[in-house]
Structure formats: structure tokens, C-alpha cells
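I opened the notebook to record, step by step, what I looked up in this structure and what came of each look.

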Amino acid sequence: MMKLIVIIPIVQTILLGFAISNELRNQSLIIVDLDQSSQSRDLINQFRHTDRFIVSEVTQDINQIHKQIRIWKCNAGIIIPRNFGKDLVLERKPQIELVFDAVDGNTAGIAIQYIGRIISDFALEYSSVKPQINMNDRSWYNADMKPYQYMVPGIVAVLVTIISMLFSSMALVREKEVGTLEQLMVTPIKKWELLAGKLIPFLILSLIEFYFALFVGQFVFGIRMQGSYLLMSILTTIYLFTTLGLGVSISVISQTQQQAMFFSWFFMLFMTLLSGLFMPVSNMPDSIRWITYLNPMMYFVNITREVFQKGNQFAYLFRDIVPLFVYGITVFTFSVLKFHKRID
Amino acid sequence: MQMLNKTRILAIAKKEFFHIIHDPRSLIIVLILPVLQLIMFGYALNSEVSNINLGIADNSHSTQSYEIKKKFIGSDLYTVYDISNQPEAIHQAFLQQKLNAVLLIDRDMKNHQLILDGSDPNVSAYIKDYVLQTMQSGAEYLPVDVRTQMLYNPELKSSYFFVPGLIALILIMISALLTSISITREKENGTLEQLLVSPLHPLEFILGKILPYIVISMFIGLIILFFGMLLFEVVFLGNFIVFVLLSLVYVCTALSLGLMISTVSKTQMQAMMLALMITMLPTVMLSGFISPISSMPKFLQLISWIIPAKYYLKITRGLMIKGNTFTELLEPTFILIAFTMLLIVIAWKKFDKQMKELG
């Protein structure tokens, strides 16, 4: 069991960190070159020189595109028309056609942008009219625009939630299920002593896991914590009051460990989906967005990211800290009140 | 091996059904969870950026710079703020999460600068593209005309992509997770040992245990399919019977996975953790459910080869969205069948060994 507790955070952090990167890569292309001029070959080479795309085939048969996309051999096809080279040089605006497998609409949308950029960069070499506007860009806090720096703090936040909520609820329910809770009931131990004794280990364990996963993340992905560890610890502890409180509540409404696990999973899934981990909260429709404001994990994920990436301070995080604090106190108090040493 | 007694199998199955029905809490969650997930994914997950808080520092104060500013102010996509050039001011604005990006308009109108809050690289990549497009809009100089055709999903609906994935997730969750927990619970409580000293053959026990979960998972899978088509207008181009048959194959793969997990677990908690690690996490992350496998680093792509959901996803997406025929989906089908057989053999060997050790 201990082995699992140690391995799972590491594995999850690493896996999620690498897997949920949205950087487009290795999209396989089939190119129909009806022109076969030096210009068309040059254009095709632009696609070979980037690792975002793989040119799987160059052919003259247009029907191949639909065929290969249909049987999942290619993601997209590009049709270079006849006289492309000539038209390009004579500035007659030749028309290139792109055909996409849009089952994954999200990826298709991103791929279009990249292909469009490659084509226009290429074609501008032949244009006598150069763009008037030159714009450079710089990204702060994340110079390489690597998704890891953004994902890893979020993943760690989710991890801590899972561990604290799941384990606390299951540990408490197990006592109920096995019958030892009844035995504890006849001892003079007070309710708060029982809960403190049960929950403090999980509080400490969750904090340890948090930093452990964070260190692993920094080591594996080469990212650095910019903020204050003290601030992070305090805020994580506040957040843990909420999750542990939820764990206690779950143990109250569950009779078996399986139920506790399902309830925990239920909560976790929705908290995670609505936390801004996978999708920024600002992108969500208004009706869903107000639900996220009720989600303690949303504030915590935000705080973790801000402190980790920008070294953000207490003063600026007020908007996130206050709800977290309020949640911590109310949820924890409420669940402790509902917890009875009796079996219902 | 003697003939398996059908009555005994059905008796075990009935007992299992009984247990399931009398655990309404789990049942409700198992039914509601998928539907809610469906709704959540459908409405909440949208990766298009809907609003950009853009700070503009105009160092030129010319008619041309005004023209540029007008493009942004006039667009619904941006909320424009005035900001000074100072890095400290920009840093403050980012810390207070007031702005997503800052555009520094060059005094000489030659080289402009866009500073992005890079803490969310996905969003900032979009913002970069949008700002560039907006800046260049109205210019007539693009030398090539590009036409695009989106096959199978012209409106780029995300539901087409994730509804099949959700079905895959639910099926493996119910089949593998619930089965492994159920069998392990019997082990934990000691009732497994009791059952095995009865005339019940181990194989009868296993088949009886599995039967209810096959029914439940197929049922819930179909509910998700139904709601997905109803709520999000997901199409279904292929053959429905083939879909049901191939889904059964996948359910069998998931069940054999659950069986294997139950043979190596001693407690329910162990079974649950293992099941989550081996079914849920890989299915969500590595099967192509959310992000394409081709975009992942090589070592993850290799791991994805042993994840059953990856093949089932191709099957469901192929059947539903592309209208693939059975012949076109032979490869993933065979792989799933091979997986199932391998897992059953492993589980059986382990189980047999444990049985012998029990005496």
C-alpha cells in the first residue's frame, strides 16, 4: 500500500505532464502534387522540415486523400493545383486546397493554423508586396511556451485533492465497515480527538505528497518554483481543510468503502473538470462558469499556478485565498458536526 | 474439465445482481456519473479563446497607430486597456491577472512587440495568432488562396470527438473496476474461500460474477450513446449491430483486466488503486481520448499500444463518425481479442495457483 502511495503521484505527474501537452506534432499529411514544379517541391519540403507534420505520401491521385483519411492512415491532405509554380511567380494567386480529418475538431483547427502559416511564409517569398506590419512576440514566465510549467502545478493540485479526499473518506469508512468504529465508540475518546487523530496523518501525508510531486515535476520537466514555499504550504493547508472535510462528509454518507470511493471519485471528477486544469475557466460558457466559482479546487489550482510560475504574492491572490479560507472553515465545521461516532 | 453447470452460473449472477441492486448509492453514482460527465464535457470544454484582455501601449500616437488600435477596440474578441511601457507596470498587470497580453506599438511604426502572459501556453499561443491576424487584417498581400475542407465534422464539434471516448471510459470503468472490487471484496471478507469449498467450479464463479457487469456496462454505454446523440447531435453512420458486437469485445477485454487485477489484490483498496491506475488514468490520458497520441513523446506513444481503449476509440469513432465498415476495423478488433485472451490466460494461471495454495 505504501508503495502505491509513493508511486502513484510520481507516475501520474509524469504521465499527465507529458500527455496533456497540446503541442501539435507528427500530423501525417498526404500531398497531391498536380504541378510537380520546383515551387511545388519546395513547398512540400517546408512540411518535411518541421516535426509538426509528417509527409506520408506524395501522389498525383486526388482520390487517395479521402481514402487514406477514411482508413485512419492520414490526418490531412494538401492539393497543389496544376500551374501552381507559374501562377505563384506571376502573382496570379493560385488556390491550394486543404482537406482535414475533422473527427478531432480541436486538433484540426490548430493544424489549419500551422499549415496556413507555413504556406503563407513560403508564398511571401514570391510576393513583391511585403507585409507592412512586423511584430515580434515574447512570452513572460514561460519563455519556451512549454506546457509543462503550466500543467505540472495544476496536476499536483489535483493529486493532493485526490489523496486527501479519497484516503480520508475510505479510512474512516473502513472503520465503519469493519466494525472497529463501534468499538471506538465505547471508549472515552471524544469526537474531535478521533477525527484529529485520523485526519492529521493525512494532512501531513498530503503535504508531503504535494512537495514530493512538485520536486519530481521540477526534476523531470526542468521547471522551477518561482514563489514562496511558506506561502504555498499555508495555502495548501487551508485547502486541505476543505478536502479533508469533504472526505469526512463522504464517510458519513457512505456505508461501504466502494461507495466512499465512488463518491470521492464523483466529487473529484467534477472538481477537476471545472477547475481550469484542462480548459481555462475564461473559455467556458457563462452558465458553466458560475459553477466553477463554487469549486474550491478552481481557486487552489489558480493559486498553485500563480505562485509556482510567477512567484505571485499573498496580496494579489486575495481573490482566490478568501474563498478558499471560507470554504475550509465552513466545509470542515459542517462535516465534523455531521460526523457521529454512532453507526446509523 | 467437466461441463459447466448453467444453473450454478446463473445463481452466482443472480446473487451479484442482488448485491448491486441493494447498493443504491453505488448504483446511482454509476448511472449518473457518466451522464453528468457527458454534459460537463459537452458544454464546458471548449478550447477556443473567447475573450482577450489586451493592454496597448501606444508609443507612436500617430494616425497609423490609431488605425491599429481601432482594429482591436472594434473587435468583440478583445477588451482593450491602456497601459504604459514600463516592464514593472506590465508585470503588475500580469500578477493581478488583469491582462493576457500587452502590445507595444513602436514609436517609428516599424517593429512592434507583443508581450504575452505565458503562464498558460495554450491560451497564449492562441492569443499570439489572433493578435497577429488582427494586426494584418485588411491587408491584401497574401499571394496564395487557401481553401479548407473539414471531413466528417464540418462544424468541428468537440462532442464528435469525446462522446466515443466517454463510452470507452465508462465501459472500462464499470467492467474492470467494479468486477475487480467485487471479487476482491469476496476475498477480503473470506466468502470467496467459502464459495470455493462448495461444488461450485471456479470458472462458474467467475462467469457468474461477470455476467451482471456485462449487462450493466452495455446498458450504460448505450445510454451514453443515446444521450450523446440526443443532446449533442452526434452522428452514427456505421452499422449498429457491429457497434454492439465490437463493444462486447471491448467489455470482455475490460473484464479480463478486472479479473487480472482481482487475482493480484488482497484488499479492496488495493484493487481500486490498481484498477484506477491501469484503467482510468491511462484511458483518459494516453488513449487519444483528449489529446492525439501522435502529439505525445515517443515513450508515451509506445505505452499507448497496450491500452485497450486506444483501439476501441478507433472502433467507435470510426463506426460512428466516419461510417467505417467492419472490414476497415479488423486490425483494432483483432488486437482487442488478442488482449482479452492474453489477460484471461494470465488471470487464470494466477488464480489456479492461488487455489492450489489454498489447498
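How many residues of chain A are in contact with residues of chain B, and how many of chain B with chain A? Keeping in mind that this is a predicted model, I found 92 residues of chain A in contact with 83 residues of chain B. I then looked up which elements supply the chain A side, and those giving two or more residues include helix H1 (2-19), strand E4 (95-101), helix H5 (105-124) and helix H6 (147-178) of chain A. The one that gives the most is H5(A), with twelve residues. Sorted by class, the side of chain A that touches chain B holds 52 nonpolar, 27 polar and 13 charged residues.

Next I turned to a place where strands of the two chains pair. E4(A) is joined by seven bridges to strand E5 (residues 145-151) of chain B, and the two run parallel. Within this pairing I noted that Leu98(A) stands opposite Thr148(B), a residue of E5(B).

I went on to two helices of chain B and checked their lengths. For helix H6 (residues 158-189) of chain B, 32 residues at 1.5 Å a residue should span 46 Å, and because its end C-alpha atoms are 45 Å apart, the two values agree. I also asked myself whether H6(B) is enclosed or open, and since 28 of its 32 residues are buried, H6(B) is largely enclosed by the rest of the structure. Just past H6(B) comes Gly190(B), which takes a positive phi of about 90°.

Last, I looked at chain A as a whole, whose secondary structure comes to 13 helices and five strands. Its radius of gyration is 27 Å, well over the 20 Å that the globule rule gives for 344 residues, so chain A is more spread out than a compact globule. Along the principal axes, the C-alpha atoms of chain A fill a box of roughly 95 × 45 × 40 Å. The domain assignment gives chain A a domain 1 (24-124) and a domain 2 (146-338), and the C-alpha centres of these two domains lie 47 Å apart.

Note on methods:
Residues numbered from 1 in each chain as written. Chains lettered and ligands numbered in written order. Predicted model: local features only at pLDDT ≥ 70, side-chain atom pairs only at ≥ 80, totals over all residues. Contact = placed C-beta atoms within 7 Å. Helix = DSSP H or I, 4+ residues; strand = E, 2+ residues; numbered from the N terminus. Nonpolar A, V, L, I, M, F, W, Y, C, P; charged D, E, K, R; others polar. Pairing = 2+ DSSP bridges. Expected span 1.5 Å × (residues − 1). Buried ≥ 20, exposed ≤ 12 C-beta atoms within 10 Å, placed from the backbone. Domains from an automatic or database assignment. Rg over C-alpha atoms; globule rule 2.2 N^0.38 Å.
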